[in-house]
Amino acid sequence: MKRKTLTLMVVLVLSGWFVSAQSVFKNNDLEISKLEDKMWVIETTDNTTMYIIEGNEKAMLIDTGTKCEKLKEVVHKITQKPLVVIITHIHGDHSGNMNQFDEVYFHAADTVLLNSFNPYKGKINFVADGQVIDLGGKKIEVSHMPAHTPGSIVLLDKQAGSCYSGDAFGSGQVWLQLRPYAPMQTYVNSCKKMERLMDEGITKIYCGHYPYVKMAFNKAYITEMRTLAEALVNGTAPEAEPHPQKVSIGCENPMMVTLGGATIVYDPEHLK
Ligand SMILES: [Zn+2]
Ligand SMILES: [Zn+2]
């Protein structure tokens with residue numbers, strides 16, 4: 001190994017960014033790797049992500065991905081505990097297989113997306129900011145972080161210092177150009193809330209598209225996002241460029257702007 005590469009790896013390990021994943025299951029749709037004690041990441045071949053957290057009495061499945069035939073059986077290979085299925089937000093790449101489950105949890109503010117994206121026939125349990133879900137020896141707290149969608153939530157495992165953010169802060173790039181639009185200030189407020197949680201002990205953010213980053217984000221990422229969002233509100237942001245991808249559920253001419261490792265995609269018509 002070259003000295004430079006070795007030095008980089010040491011820096012990454014020391015900064016807590018490097019996560020050594022251990023693959024435990026693979027099929028045509030996905031691969032499951034153990035990231036931490038009683039925590040696994042599921043990465044689908046089309047770059048969506050789910051997480052499994054196991055407590056003493058129950059386990060939690062965070063998001064339900066896209067290409068995952070027999071997801072319930074697949075999760076059962078990892079844990080046999082009764083499953084709490086919680087969706088970070090109602091976009092098709094996070095809630096794609098929810099009809100495989102009789103009961104799901106998500107924030108009521110995303111009901112507006114349920115109708116257009118993904119009809120669900122089972123029992124819905126709405127979660128609220130501050131709500132704690134006890135898995136037995138492991139408590140997961142819901143934190144409402146709107147902007148990417150009105151009902152985006154982050155799930156906090158305060159004991160482990162980890163959280164699961166869906167697309168609330170993106171996976172290197174946050175998409176704020178999608179309908180229904182939130183004012184940029186809503187995103188600033190969510191970033192500030194996340195920064196406070198990180199001052200109080202959360203150190204690792206596991207994002208909703210893990211295959212792109214293969215690591216947990218730290219506070220510097222959120223601070224860059226907040227600084228950039230504030231600059232957009234104040235009209236002092238670096239020069240933006242057109243975003244190459246036009247999304248049917250978003251605006252016609254999305255723009256993107258970058259600061260360090262953080263990129264915001266937005267609709268210039270809907271900053272306020
Ligand atoms: Zn997503
Ligand atoms: Zn999303």
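Here is a tour that starts with the whole chain and then visits its parts.

**Before you click**

This is a predicted model, where local features need pLDDT of at least 70, side-chain atom pairs count only at pLDDT 80 or more, and totals for chains, interfaces and linings use all residues. Residues are numbered from 1 along each chain as its sequence is written, while chains are lettered from A and ligands numbered from 1 in the order in which they are written.

**Stop 1: the whole chain**

Show the cartoon for everything. You have 7 helices and 17 strands in the protein chain; helices (H or I, at least four residues) and strands (E, at least two) are DSSP runs, numbered from the N terminus. The radius of gyration is 18 Å, close to the 19 Å that the globule rule gives for 272 residues, so the chain is as compact as a globular protein of that length. That radius is taken over C-alpha atoms, and the globule rule is 2.2 Å times the number of residues to the power 0.38. Along its principal axes, the C-alpha trace spans about 55 × 50 × 35 Å.

How much of the chain is buried? Buried residues make up 40% of the 272. A residue is buried if 20 or more other C-beta atoms lie within 10 Å of its own, exposed if 12 or fewer, and partly exposed in between, with C-beta atoms placed from the backbone. Residues 24 or more positions apart account for 55% of the contacts with a separation of 6 or more; a contact means that two C-beta atoms, placed from the backbone, lie within 7 Å.

**Stop 2**

Select β13 (173-175), β15 (241-242), β16 (255-259) and β17 (262-266). They make an open sheet in the order β13-β17-β16-β15, with mixed pairing; two strands pair if DSSP finds at least two bridges between them. β13 and β15 are the edge strands, each pairing on one side only.

Now zoom in on β17, where 4 of the 5 residues are buried. On one side, β17 runs antiparallel to β16, joined by 5 bridges. Pick M256 and you'll find its bridge partner, V265, in β17; L259 is likewise partnered with A262. The two strands form a hairpin with 2 residues between them, and G260 in the turn has a positive phi of about 55 degrees. β17 also pairs with β13, this time in the parallel sense over 3 bridges. Look for Q173 opposite T263 there.

**Stop 3: two helices**

Axes are lines fitted to C-alpha atoms, for helices over the stretch in contact, and angles run from 0 to 180 degrees between N-to-C directions.

How do α5 and α7 pack? Their angle is about 155 degrees, with the axes 9 Å apart. That makes α5 roughly antiparallel to α7 (under 35 degrees counts as roughly parallel, over 145 as roughly antiparallel, 65 to 115 as roughly perpendicular and the rest as oblique). Show side chains to see the contact, which includes Y187, C191 and M198 of α5 and I222, M225 and V233 of α7.

**Stop 4**

Step back into the loop between β13 and α5, where you'll find P180. A cis peptide bond joins R179 and P180, with omega at about -5 degrees. The C-alpha atoms of P183 and V233 are separated by 9.0 Å, though the two residues are 50 apart along the chain.

**Stop 5: a sheet of five strands**

Move on to the open sheet β9-β10-β11-β12-β14, again with mixed pairing. Its edge strands are β9 (132-134) and β14 (204-207), and the twist averages 25 degrees from one strand to the next. β10 and β11 pair in the antiparallel sense over 4 bridges, and V142 has L155 as its bridge partner in β11.

**Last stop: two positive phi values**

Most residues other than glycine have a negative phi, and most peptide bonds are trans. Select A147, in the loop between β10 and β11: it is not a glycine, yet its phi is positive, about 150 degrees. Is A147 buried or exposed? With 25 C-beta neighbours inside 10 Å, A147 counts as buried. Finish at K214, in the loop between α6 (210-213) and α7, which has a positive phi of about 55 degrees. K214 has 13 C-beta neighbours inside 10 Å and counts as partly exposed.
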